[in-house]
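Open the model in your viewer and keep the selection panel at hand. The tour makes a few stops, each with something to pick out.

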Amino acid sequence: QVQLVESGGGLVQAGGSLRLSCAASGSIFSDYVMGWYRQAPGKQRELVASITSGGSTNYADSVQGRFTLSRDNAKNTAYLQMNSLKPEDTAVYHCNAFRFSWGRKYDYWGQGTQVTVSS
């Protein structure tokens, strides 16, 4: 079992920056792929970025070059640095952790943190 707690959301003007943190507890953090998803009102949840246990990253086209996802396995924390924010980045951002073991997927979610970008 993994518990995920997000922090760092808030209100920021367009062009500004925020850093989201996702603190994990309850299992071996380094075993998990970490990801950030977001869901805007009336829209489906979408993958923003993910990072493997080895540090390989993947980004949605809409955030490529503006967002950076990193992880600190010693601190059991993943960070999403968001720069050059746009009003369309406004959403609830959720942290996710998953791994596969013996054919079973272990999948965990945080409660979400609101990011609002004003124009």
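Select serine 84 and show its accessible surface. This is a predicted model, and in it serine 84 has 40% relative accessibility, so the residue counts as partly exposed. The class follows because partly exposed covers the range between the buried limit, under 20%, and the exposed limit, over 50%.

Now look at the backbone. Serine 84 has a positive phi, about 50 degrees, although the residue is not a glycine.

Next, follow the chain to tryptophan 102. This residue is in the loop between strand 9 and strand 10 (104-109). Check phi here too: tryptophan 102 is not a glycine, yet its phi is positive, at about 55 degrees. Is tryptophan 102 buried or exposed? Its relative accessibility is 88%, so tryptophan 102 counts as exposed.

Rolling a probe the size of a water molecule over the atoms shows where empty space is left. How many cavities of 30 Å³ or more does the structure hold? There is one. The largest cavity has a volume of about 40 Å³.

Start with Val2, Ala24, Ser25, Gly26 and Ser27, which are among the lining residues. Colour the selection by residue class: seven lining residues are nonpolar, three are polar and none is charged.

Methods
Residues numbered from 1 in each chain as written. Predicted model: local features only at pLDDT ≥ 70, side-chain atom pairs only at ≥ 80, totals over all residues. Heavy atoms only, no water. 1 Å grid on protein atoms, 1.4 Å probe; cavity = no way out; pocket = protein on both sides within 12 Å on 5 of 7 lines; lining within 4 Å. Points joined across faces, edges and corners; volume = space filled by probe spheres on them. Nonpolar A, V, L, I, M, F, W, Y, C, P; charged D, E, K, R; others polar. Buried < 20%, exposed > 50% of the residue type's maximum accessible area, 1.4 Å probe, protein only. Helix = DSSP H or I, 4+ residues; strand = E, 2+ residues; numbered from the N terminus.
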